[in-house]
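Subject: Structure handover

Hello,

Here is the structure I said I would pass on. My notes on it follow below.

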Amino acid sequence: MDGHADARPVRGRSAFSAHLLTQCHAQRGESPPTGIMRFADIPGHEAVKSRLRQMADSGRIPHALLLEGPAGTGKMALARAFVQYVCCTDRQGGDSCGQCPSCLQHQSFNHIDTHYTYPTVKKEGSDSAPVSDDYAAQWRDYMHGRLYMDFDQWADSFGRRNAQPVIYVNESAALIHKLSFTSHRSPYKSVVLWMPERLNSDTANKLLKLIEEPYPDTIFVMVSDEPGKILPTIYSRLQRIEVKRLPDEEVAAYLTARHAIDPAEALMLAHNAEGSTTAALRMIDTRSDTHAFFEFFTRLMRLAYQRKIAELRGLASELAALGREKEIKFYDYCARLTRENFVYNFRVDKLNYMSREEQQFSVNFSRFINENNVEKIIATFDDARTDIAGNGNGKIINLDVAIKIILLLKQ
């Protein structure tokens, strides 16, 4: 057991040894209802689920728990399922029932003893620091049927392009007020805190006192994508559970069941997303961009091979017109497809994760990517990405890339 959190007995009822309720929505590949989140709703992570069940069933739950791991793996879903399991009055077969009054209150995010804390932004034209409750309706809308959290999507939902959501100091005072009351309907008052790495320093220091001197019937369940950024004095006091990246096959199965993606394409997306379901879903949303990037990549390589400088200059201007963010994504795409073409030379199908049109192009192109130039070409794309992100002139950078590719393809 890592961390230094104390464990205390749960005062709730023991689990009943009944069968699981039929999960019709899961069988149909649908998202779970609004706020109900049972362990059965969450793909994979069986070892983590088992550990969380044991905490509740054994009557020993740490007062400060952290689920940590890569983004897009379902950590928030696990936190919600755990809190619902703790509160459920009719646990069945190692899961919450989904039908008792407590579960139904979780469904509408109105459970009186469960509080959510998450990053927010200041209101337009206001200097006052907000608290999570100021955005409760927006949070409920965002969480509707959501298994996997995407911080970028949450940030975009505020419509403030340059604002970075954080957890402000007022949140600590609001939590202290809420937690000063005794629990009403469940053994614990639960605080589900998403992204503790987004606590500003004042908030973190005040929260530290709550963790060091917790109320007797309170648990904190924190969910972090970047635990290394959590205030060390807080991090050392948390009992930590690592939630590892999902296997490519599980992400692919989710994409196929929930989004009707072709299994081969789903596996490619899962691999390229490095086990992050949210990253894979973003790739689905941007498939039109990916097709455009493929067209630019093939033009770049063909014109570079033919040494058509004038046309490459035009291509450089077209890329610059995409805008900085898409230029960055384009060079990420170029680096990936270059790696895939190098691997394609080994002719081992299970090592390749390309779409059909990418594979068709690679049949003839891959021979130009070899051990003499692959690292240099990828470095060229990576350098361009860095320069674009640093506000460099897109036209100049893109033309410079094209000229370098002319030379590298001959090696």
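How are helix 15 and helix 17 oriented to each other, roughly parallel or roughly antiparallel? Before the answer, please keep in mind that this is a predicted model.

The axes of helix 15 (residues 324–344) and helix 17 cross at roughly 170° and come within 9 Å. An angle over 145 degrees counts as roughly antiparallel, so helix 15 and helix 17 are roughly antiparallel to each other. On the helix 15 side, the residues that meet helix 17 are Arg324, Glu327, Ile328, Tyr331, Asp332, Cys334, Ala335, Thr338, Arg339 and Phe342. Their counterparts in helix 17 are Val374, Ile377, Ile378, Phe381, Asp382, Ala384, Arg385, Ile388 and Ala389. By class, this contact of helix 15 with helix 17 holds 12 nonpolar residues, one polar and six charged.

The chain as a whole

The protein chain has 18 helices and seven strands. Of its 411 residues, 51% are buried. Taking contacts between residues at least 6 apart in sequence, 75% join residues at least 24 apart.

Helix 17 and helix 18

Helix 17 (residues 374–389) also packs against helix 18, at an angle of about 175° and with the axes 10 Å apart. That angle makes helix 17 roughly antiparallel to helix 18. The contact has eight nonpolar, three polar and three charged residues. Helix 17 contributes Lys376, Ile377, Thr380, Phe381, Ala384, Asp387 and Ile388. Helix 18 contributes Gly394, Ile397, Asn398, Val401, Lys404, Ile405 and Leu408.

The length of helix 18 can be checked against what its residue count predicts. Helix 18 has 15 residues (394–408), which at 1.5 Å a residue should span 21 Å. The C-alpha atoms at its ends are 21 Å apart, so the two values agree. The buried residues of helix 18 are Gly394, Ile397, Asn398, Leu399, Val401, Ala402, Ile405, Ile406 and Leu408.

Asparagine 393 caps the N-terminal end of helix 18, with a side-chain oxygen 3.1 Å from the backbone nitrogen of lysine 395. Asparagine 391 is in the loop between helix 17 and helix 18. Asparagine 391 has a phi near 70°, which is positive although the residue is not a glycine. Is asparagine 391 buried or exposed? Its relative accessibility is 58%, and exposed means over 50%, so asparagine 391 counts as exposed.

Glutamine 411 is in the segment after helix 18. At 38% relative accessibility, glutamine 411 counts as partly exposed. Leaving aside residues up to four places away in sequence, glutamine 411 touches Asn370, Asn372, Asn373 and Lys376. With lysine 376 there is a polar contact between the two side chains, at 3.4 Å. Glutamine 411 and phenylalanine 368 are 43 residues apart along the chain, and their C-alpha atoms are separated by 8.3 Å.

Glutamate 197 is in the loop between strand 5 (189–194) and helix 8 (201–212). Buried means under 20% relative accessible area, and glutamate 197 has 10%, so it counts as buried. What does glutamate 197 touch, not counting residues up to four places away in sequence? The list is Val223, Ser224, Asp225, Glu226, Lys229 and Ile230. A polar atom of the glutamate 197 side chain lies 3.0 Å from the backbone nitrogen of glutamate 226. Between glutamate 197 and isoleucine 230 there are 4.5 Å in space, C-alpha to C-alpha, and the two are 33 residues apart in sequence.

Aspartate 95 is in the loop between helix 3 (75–87) and helix 4 (101–107). Its relative accessibility is 2%, so aspartate 95 counts as buried. Its side chain reaches the backbone nitrogen of phenylalanine 39 at 3.0 Å.

Another positive phi

Arginine 307 is in the loop between helix 13 (287–306) and helix 14 (309–321). Its phi is positive, about 60°, although arginine 307 is not a glycine. At 49% relative accessibility, arginine 307 counts as partly exposed.

Regards

Definitions and conventions
Residues numbered from 1 in each chain as written. Predicted model: local features only at pLDDT ≥ 70, side-chain atom pairs only at ≥ 80, totals over all residues. Heavy atoms only, no water. Helix = DSSP H or I, 4+ residues; strand = E, 2+ residues; numbered from the N terminus. Expected span 1.5 Å × (residues − 1). Buried < 20%, exposed > 50% of the residue type's maximum accessible area, 1.4 Å probe, protein only. Polar contact = N/O pair within 3.5 Å; in protein donor to acceptor, adjacent residues only side chain to side chain. Contact = heavy atoms within 4.5 Å. Axes fitted to C-alpha atoms, helices over the stretch in contact; angles between N-to-C directions. Parallel < 35°, antiparallel > 145°, perpendicular 65-115°, else oblique. Nonpolar A, V, L, I, M, F, W, Y, C, P; charged D, E, K, R; others polar.
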